[in-house]
Amino acid sequence: MATEEIRVRGTVQGVGFRPTVYRLAKACGLRGDVCNDGQGVLIRVSGSEEALTEFVARLQTECPPLAKINELTRTPYKGKFNFNNFVIANSVNSAIKTEIVPDAATCPQCQQEIFDPFSRFYRYPFTNCTHCGPRLSIIRAIPYDRCNTSMSAFVMCPECGKEYHDVENRRFHAQPVACYACGPTAWLERADGKSVTASMFSMLDDVDAVCTLLQKGEIVGIKGLGGIHLACDATQETAVQKLRQRKRRYHKPFALMARDIEVIEQYCTINAKEKELLTSSAAPIVLLQTSDKKQLASSVALGQNTLGFMLPYTPLHHLILRRMNRPIVLTSGNLVDEPQCINNDEAREKLGTIADYFLFHNREIINRVDDSVVRVLGDKVQAIRRARGYAPASINLPPGFHKIPQILAMGSELKNTFCLLREGEAILSQHLGDLENAAAFNAYQETLNLYLNLFEHQPEVIAIDKHPEYLSSKLGKELAETNQIKIHQIQHHHAHIAACMAENGIPLDSPSVLGIALDGLGYGDDGTLWGGEFLLADYRKFQRLATFKSVAMVGGKQAIYQPWRNTYIHLVAANLWDECEQKYPDLEIFKFLKNKPLKLLNQLIEKGINSPPASSVGRLFDAVAAAIGIYRDECSYEGQAAIAMEAIVDVSSLNNDKETLIYPFIFNFSDSIYCIDPRPMWQALLDDLQQQIPQAVMATKFHKGLANAIVEMVKHLCQENLIYQVALTGGVFQNCILLEQVTKGLQSLGIKVLTHSLFPANDGGLSLGQAVIAAAQLIHEC
């Protein structure tokens with residue numbers, strides 16, 4: 001007989017792991033106990049060598065649906081052992097090294113129960129078990145026990161208590177377990193404060209009444225899992241427009257929810273991988289290609305050829321949509337640029353002029369968690385926004401990073417996340433939004449404090465972006481000074497590349513990769529703004545080998561929201577403005593620009609006032625889109641013009657390699673760096689405008705020409721440097737057409753291409769890169 005202590009680390013609390021251990025131990029005839037503690041799950045067990053070997057093997061193959069074993073270690077147990085059976089012991093408080101489980105979509109068994117008239121959970125909107133339900137959104141502290149969640153306000157009834165303590169029941173130690181008799185309740189109220197009378201509805205209950213309200217064209221605020229959403233019927237143009245006007249979200253696409261896959265298939269084409277994502281426990285919003293079968297209200301996704309759909313992920317949503325045969329808009333309940341509302345009073349105050357009705361409940365949301373957004377490209381999943389269902393699940397860091405001190409990385413200004421590094425793993429927060437908004441910055445600080453407390457994280461190093469005005473960087477400096485912690489300032493695009501490397505498991509001491517980082521902008525080492533960079537990089541350092549030609553961002557931030565500014569400055573930088581006056585005076589874009597305050601813009605440029613030079617590929621996209629007539633005057637969100645231009649690309653002609661279908665770029669070399677110059681592209685584009693070539697053709701030629709220029713630059717750099725791998729990163733590479741074309745071109749050269757999957761290519765993944773660079777530099781210093 002052997003007696004062992006088995007330590008299991010990973011996602012092993014609140015997911016039915018201990019009952020699985022209990023069941024397998026009993027099946028293998030073992031004695032001992034299992035408990036949760038700060039490091040994960042601890043098992044003390046005794047039996048024959050054969051039985052122990054079988055037990056450990058089955059533990060890994062029969063893991064519960066939401067569990068993930070990162071590490072399992074076996075050591076001989078030397079302590080006192082007095083067990084005649086196998087039991088589940090109480091949790092033990094100790095140093096916290098375990099994980100917090102992401103919120104999980106309603107499992108099939110719970111779905112079945114809420115629609116079963118003979119179940120005690122029939123139509124109960126907060127039904128859950130260890131395989132599903134709230135986790136991150138309700139937790140205050142670890143261990144993940146009921147007393148450390150917002151469910152502590154609800155005392156279990158005898159029936160729920162019986163299931164909670166029954167090791168054979170799937171609700172064994174399901175911390176949010178509840179029912180009508182003892183759990184949270186939901187109710188409907190009018191946004192104007194008037195009472196909701198029973199005569200208004202002949203429905204089953206308040207939750208069911210929401211469906212009728214949506215069908216009538218009303219806007220309903222719905223308190224869900226990680227925040228409050230605003231909903232309306234996605235097929236009624238009047239309702240969608242009403243929501244846009246009230247929320248002042250005039251153009252950005254709305255997220256959609258549908259009852260089931262069959263409803264989604266009426267509007268989009270869905271492949272097997274996309275269907276798998278939609279029905280997964282993460283249940284993200286999946287970007288899907290539209291079809292010609294049925295059309296939604298035109299205002300749902302203006303200028304898009306994709307729709308963002310999700311399926312119901314809580315019993316509340318399943319019950320609302322039970323009778324809904326068409327999709328609904330389900331967008332964040334917030335004012336423009338502010339964080340999503342999470343409590344009832346806040347929603348009444350801020351959303352009372354947007355919603356007609358509210359469906360509230362009395363289970364407190366501790367952590368705001370937005371919906372995740374993903375897409376499928378080829379056979380690979382790509383995260384656009386990582387939040388509900390995925391965060392804060394950790395990833396194991398590549399070899400070389402396992403003996404590092406605790407590190408905190410503060411992230412970027414936009415699409416912010418922060419990252420905690422500890423003992424060879426990285427924990428990224430959920431998407432926290434744009435910190436330029438005061439409410440978002442306050443929420444960022446609250447979430448950061450919560451994570452530091454939850455994980456008992458005491459950073460020895462803080463990593464920040466080099467941009468001196470980023471609020472996240474300023475806060476990082478304050479924390480470092482207050483706590484006398486060492487600070488590492490990380491270059492923006494180096495962080496993008498390091499994040500891609502870490503996600504792809506590139507070991508610490510691997511040879512440098514060529515990172516291509518294309519985005520809106522980031523603070524460069526030379527004090528200018530970068531945004532189109534070719535960096536030879538490892539985790540510790542980088543060398544800038546090539547870039548795109550810098551042009552002024554006239555008006556600074558205004559250039560992001562007024563694309564015509566970028567068109568004008570690109571034409572000036574290409575020495576084509578005078579030629580436009582002589583050769584293209586009748587072009588629509590030229591006449592448009594002539595009516596703008598160009599004299600003022602020229603003065604700003606000459607005096608260097610609010611016109612920083614930037615090598616931004618994001619702004620190049622905006623410039624081209626405006627030139628061909630897409631969102632020329634104004635955009636309501638960053639990248640709107642570029643996204644709309646991608647949507648009209650003629651996909652069928654992408655594989656045509658005729659030079660006439662590719663806009664040309666040229667390479668220059670100065671100051672020991674190569675530069676991609678778009679001047680010949682602009683000349684060809686102006687000629688096409690003169691000949692009234694269709695927008696779709698010009699958009700296609702630009703995408704193909706840009707991809708071709710990137711591939712040719714890599715080919716050139718490969719001849720001068722030992723390059724075996726290329727990392728594609730930055731927000732511009734969320735453009736499917738560009739990513740596919742560049743990847744295809746590089747693979748044809750025999751180059752291994754690294755791209756993002758688990759974390760966004762945009763600034764949402766930046767904190768991971770900051771953290772691993774700081775860790776690598778620290779290891780190197782030691």
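Which residue forms a salt bridge with glutamate 346? The third point below takes this up.

1. **Overall fold.** This is a predicted model. The protein chain carries 24 helices and 31 strands. Its radius of gyration is 28 Å, close to the 28 Å that the globule rule gives for 782 residues, so the chain is as compact as a globular protein of that length. Along the principal axes, the C-alpha atoms fill a box of roughly 95 × 70 × 50 Å.

2. Of the 782 residues in the protein chain, 61% are buried. Take the contacts with a separation of 6 or more: residues 24 or more positions apart account for 73% of them.

3. **Glutamate 346.** The partner is lysine 350. The closest N and O atoms of this salt bridge are 3.8 Å apart, inside the 4 Å cut-off. Both residues belong to helix 10, which spans residues 344-351. They sit four residues apart, so about one helical turn separates them. An α-helix has 3.6 residues a turn, so residues three or four places apart point the same way. Glutamate 346 is buried, at a relative accessible area of 18%. Lysine 350 is partly exposed, at 24%. The cut-off for buried is under 20%, so the two partners get separate labels with values of 18% and 24%. Leaving out residues up to four places away in sequence, glutamate 346 touches Cys341, Leu351 and Arg368.

4. The protein chain has 77 positive and 84 negative side chains. The centres of the two sets lie 3 Å apart. Side chains of opposite charge can pair when their charged atoms come close. Here the count comes to 43 salt bridges.

5. Aspartate 37 and arginine 7 form a salt bridge, with 2.7 Å between the closest N and O atoms.

6. Arginine 422 and glutamate 425 meet through their side chains in a salt bridge, 2.7 Å from N to O. Arginine 422 is buried, with a relative accessible area of 4%. Glutamate 425 is buried as well, at 10%. Elsewhere, salt bridges that share partners join Glu113, Arg120, Glu163, Arg170 and Arg171 into one network.

7. **Helix 15.** How many residues of helix 15 are buried? The count is eight of its 10 residues, so by the cut-off of under 20% relative accessible area this helix, residues 564-573, is mostly covered. The buried residues include Trp564, Tyr568, Ile569 and Leu571. Arg565, Asn566, Thr567 and His570 are buried too. Just after helix 15 comes asparagine 575, which takes a positive phi of about 60°.

Terms used: Residues numbered from 1 in each chain as written. Predicted model: local features only at pLDDT ≥ 70, side-chain atom pairs only at ≥ 80, totals over all residues. Heavy atoms only, no water. Helix = DSSP H or I, 4+ residues; strand = E, 2+ residues; numbered from the N terminus. Rg over C-alpha atoms; globule rule 2.2 N^0.38 Å. Buried < 20%, exposed > 50% of the residue type's maximum accessible area, 1.4 Å probe, protein only. Contact = heavy atoms within 4.5 Å. Lys, Arg positive; Asp, Glu negative; His and termini not counted. Charge placed at Lys NZ, Arg CZ, Asp CG, Glu CD.
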